[in-house]
Amino acid sequence: MTTLLEPLRRIAAYAVCADSVGRVLLVRASERSGTPGVWSLPGGAVDHGEDPNHTVVRETAAETGLSVAVAGLADVLADMRALPERGITIHTDRLIYQVSVRGGTLTDRVDRSTDLARWYTLDEARELPLRAFTARALGLPASSADVVPDEAPEFPSFYAVPGPDGLHRAQRFAAYAVATDPEGRVLLTRVSDGYPGAGCWHLPGGGTDYGEQPGAALIRELVEETGQTGRLVELLGVASHRDAASLGPEGYPIDWHGVRAFYRVMVDQPAPPTVTDVGGSTCEARWFARDELGALPTDRLTEVTAEAVQAARLTA
């Protein structure tokens, strides 16, 4: 039974790469992988502290022999798969990037988790056994190659483990909203005392649950932190930040790596903000007019908030 498998989480980045005639680059899982013979986009796990933009370039080079340049973020999605032979269930938050080839020579690998790299037309790819996330990224019918767990196991969105230097480290995926109303006001939350960034204004959102899609997590967090009901409009980007010795309510330093997707969200019927998740990391929520937001000092905003507001072009 998949409910008895040990749960794990990871963050990974993948490349959607097309050549001049529209073929896409795919790699085949080897006998050393959990799904031998199945094809997927090139890519892999984001190392602790690594920017996912760097991950997709590094992993594509390692798996295909090609150097690529990142053109932009195409999608963010999550999935679970069970590997009973390994005794584990894995939740993976996948960042899908559009890339282009800069150079190199297509190369097969030996004794690695992938063994072949090939160019395929979409019609040819449709006939291959594809990982489910790869089929979705290419707009093809979903594959049944992955074994999906019966149900999502219990697993905290924050999970710190001892690192190689003895300092605890945590890698966490989260989704945040650049939320506006019909008047153009922007919704922000204030970080509670005892949490990193205490007193700063932050975007509504937070860590996703095991088995949860980023968009669904964001809408849930918006209600819990602000009392607002919103709808997703578009994916704006992903921010990666590392704090080598963050100090939060745990009471000890943690080498913290946060990877955060941020979305534009519309609140069609705004209400006075209410924090329903009392005692958590949010102590206040408030609507800001554009000029009020622009007047806030930079040190009153968290890093991801400043980056997201700029990406959404909400200030001059």
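**A tour of the sheet and its helix**

Begin by selecting Val-16, whose bridge partner in E6 is Gln-98. This is a predicted model, in which local features need pLDDT of at least 70, side-chain atom pairs count only at pLDDT 80 or more, and totals for chains, interfaces and linings use all residues. Residues are numbered from 1 along each chain as its sequence is written, and side-chain values use heavy atoms, with hydrogens and water left out.

Next, select residues 6-17 and 88-104, which are strands E1 and E6; they run parallel and are joined by 12 bridges. Strands (E, at least two residues) and helices (H or I, at least four residues) are DSSP runs, numbered from the N terminus. Two strands pair if DSSP finds at least two bridges between them. Within E6, Asp-93 is the bridge partner of Ile-11.

Now display helix H1, residues 52-64, which packs on the sheet and touches E1, E4, E5 and E6; its direction makes about 90° with that of E5. Contact here means heavy atoms within 4.5 Å. Axes are lines fitted to C-alpha atoms, for helices over the stretch in contact, and angles run from 0 to 180 degrees between N-to-C directions.

Move on to E5 and E6, which pair in the antiparallel sense over 16 bridges. Arg-81 stands opposite Ile-90 in E6. Four residues lie between these two strands in a hairpin, and Gly-87 in its turn has a positive phi of about 75°.

Finally, view the whole open sheet: four strands in the order E4-E1-E6-E5, with mixed pairing. At its edges are E4 (43-45) and E5 (66-83), each pairing on one side only.
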